[in-house]
Amino acid sequence: MNIKQLTTWSGEINRRDYLIWGTILFAVKYNLDRLAGFAFNKRWYISDYFIQADQLAVQELNPDDQIFYLVLLLLSLPFIWFGTVLCVKRLRNAKLPAWAVLFFFIPFINLLLFLILSAIPERKDGNEIRNNFLDRLIPRSKYGSALFAVGIVLVISLAITGLLINYLNDYGWSLFVGIPFFLGFGSVLIYGYHKGLRYKEAMGVALASILFFNIIIFILAFEGIICIVMGFPILLFIAWIGASIGYAIHDSQKVVHLNAFAVPIVFIPLMGFIENLENRMPPTVDVTSEIVIDAPRQQVWDQLVAFSRIDEPIELIFKTGIAYPIHAEIEGTGVGAVRKCNFTTGAFIEPILIWDEPSLLQFGVHDQPPPMMELSIYNDLEIAHLDGYFKSVKGQFKLEELPNGQTRLQGTTWYHHDIWPSLYWKQWSDYILHKIHLRVLKHIKAKAEDKK
């Protein structure tokens with residue numbers, strides 16, 4: 001081992017040196033970041049390397065946080081260089097394609113890639129000894145090996161999923177990134193053990209693994225159909241990454257060593273435990289929707305404080321079990337009054353925080369119902385993430401008087417959810433909240449304009 005292994009792009013590096021250098025660099029970087037956090041009165045955790053990268057846009061950070069993350073960025077620059085150099089050299093040593101270095105820049109996937117590259121041996125040109133047990137265990141026929149590959153990764157994935165959901169109550173990176181990665185990666189490794197693979201075949205067995213996994217978790221009541229549909233795009237994308245890495249290993253190795261197969265099996269539950277122990281608080285984000293109403297501001301205010309029953313929805317999203325508002329009522333007036341917004345799954349209890357008639361009505365959320373009723377073959381399906389994983393914090397209606405006698409009405413909801421990757425699930429939650437807002441805003445618009 002020598003320092004040139006970190007600075008020059010030429011040459012190769014074996015798995016032992018790669019593992020040692022990677023461990024040293026990670027330890028140094030982690031402790032530097034912890035010291036930076038201490039200087040800014042913040043705590044830094046291992047999981048923050050993939051959670052913080054996913055949480056907030058730069059423009060949403062306060063000035064102190066912007067300086068803190070700028071310091072972390074500056075500290076990371078030499079480590080990004082060293083890590084990229086090591087990854088490229090290790091890929092070259094194992095005769096894997098250089099494009100796989102792209103996965104080094106994806107949170108969570110980069111940790112899996114590091115462990116896999118630490119496990120697979122360098123490529124040898126001579127005859128390599130095969131594992132007699134695996135030779136006998138894995139079928140040689142095309143369909144036999146496919147069924148065996150899909151079956152074995154499904155059994156392991158379902159066991160880990162049960163651990164993450166039922167024991168750790170974890171709906172984080174381990175579940176939504178680790179599990180689909182293993183489904184794609186593991187199935188391709190096993191499927192091509194006896195023969196060469198075409199890329200199309202590798203993607204086919206990975207797709208079969210994802211499809212059967214979703215069918216089984218539906219049958220076992222791990223999830224309902226709507227959540228499966230919402231999560232399927234990210235599962236498919238991550239499975240493709242895993243399958244691509246598995247295919248690259250097959251394409252470069254004369255004899256595939258399945259020691260890399262064990263890496264996700266150990267790493268995914270371990271990261272699940274780390275996520276659970278650290279109990280990271282998700283960020284609070286806001287969603288704002290608006291509409292222009294052809295009515296004066298006071299007239300709009302009178303309709304929104306406690307709006308009447310809304311007609312049955314025509315939007316497809318609300319026919320899937322997603323909760324939607326029906327009507328609202330209020331007890332009292334001014335700050336301290338309690339508003340009750342009734343949804344199809346129950347009522348939001350909303351104590352009034354700001355009563356600035358007719359400009360601003362802001363309320364907290366004391367209690368809230370489940371966000372949806374899952375579609376399932378079972379009655380009264382109880383799924384952990386429907387209880388407390390999506391939390392509405394507060395809401396408001398803001399009314400702006402326009403010059404032509406119209407009113408601009410804005411509805412805003414502040415919320416957080418403890419499901420990762422946040423960047424992906426935020427797209428769904430923002431979309432649903434916009435639909436909920438517009439259902440209420442359009443109803444208020446119709447009622448206010450009728451009164452004009």
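Visitor: Over how many bridges do strand β5 and strand β6 pair?
Guide: This is a predicted model: local features need pLDDT of at least 70, side-chain atom pairs count only at pLDDT 80 or more, and totals for chains, interfaces and linings use all residues. Residues are numbered from 1 along each chain as its sequence is written, and side-chain values use heavy atoms, leaving out hydrogens and water. Two strands pair if DSSP finds at least two bridges between them. For β5 (residues 360-364) and β6 (residues 390-401), the sense is antiparallel and the bridges number five.

Visitor: Which residue in β6 stands opposite Gln362?
Guide: Strands of a sheet pair through backbone hydrogen bonds, either parallel or antiparallel. Here β5 and β6 take the antiparallel sense. Opposite Gln362 stands Gln396.

Visitor: In what order do the seven strands form the open sheet?
Guide: Helices (H or I, at least four residues) and strands (E, at least two) are DSSP runs, numbered from the N terminus. The sheet's edge strands are β1 (285-293) and β2 (325-331), each pairing on one side only. Pairing is antiparallel, and the order is β1-β7-β6-β5-β4-β3-β2.

Visitor: By what angle are neighbouring strands turned against each other on average?
Guide: Axes are lines fitted to C-alpha atoms, for helices over the stretch in contact, and angles run from 0 to 180 degrees between N-to-C directions. For this sheet, direction is ignored, and the average is 25°.

Visitor: Which residues form the covered face of β1?
Guide: In a regular strand the side chains alternate between the two faces of the sheet. The uncovered face of β1 holds Asp286, Thr288, Glu290 and Val292. The covered face holds Val285, Val287, Ser289, Ile291 and Ile293.

Visitor: Which residue in β7 stands opposite Val285?
Guide: β1 and β7 are antiparallel partners over nine bridges. Val285 of the covered face stands opposite Tyr415.

Visitor: At about what angle to β1 does helix α13 run?
Guide: Two helices lie across strands here. Helix α13 (residues 422-451) lies across β1, β2, β3, β6 and β7; its angle to β1 is about 25°.

Visitor: Which residues does Lys447 touch, beyond those up to four places away in sequence?
Guide: Lys447 lies in helix α13. Its C-alpha is 8.4 Å from that of Val300, 147 residues away in sequence. With contact meaning heavy atoms within 4.5 Å, Lys447 touches Gln303 and Ser308.

Visitor: Is Lys29 buried or exposed?
Guide: Lys29 lies in helix α2 (residues 15-39). Its contacts, beyond residues up to four places away, are Tyr49, Leu72, Leu75, Ser76 and Phe79. Buried means under 20% relative accessible area, exposed over 50%, partly exposed in between (1.4 Å probe, protein chains only). At 11%, Lys29 is buried.

Visitor: How many residues of α8 are buried?
Guide: Helix α8 (residues 173-191) reaches 26 Å from first to last C-alpha, close to the 27 Å expected. The expected span is 1.5 Å times one less than the number of residues. The rest of the structure largely encloses α8, because its buried residues number 19 of the 19.

Visitor: How many disulfides does a search of the whole structure find?
Guide: Cys227 is buried at 13%, and Cys341 is buried at 6%. A disulfide is a pair of cysteine sulfur atoms within 2.5 Å. The search finds zero.
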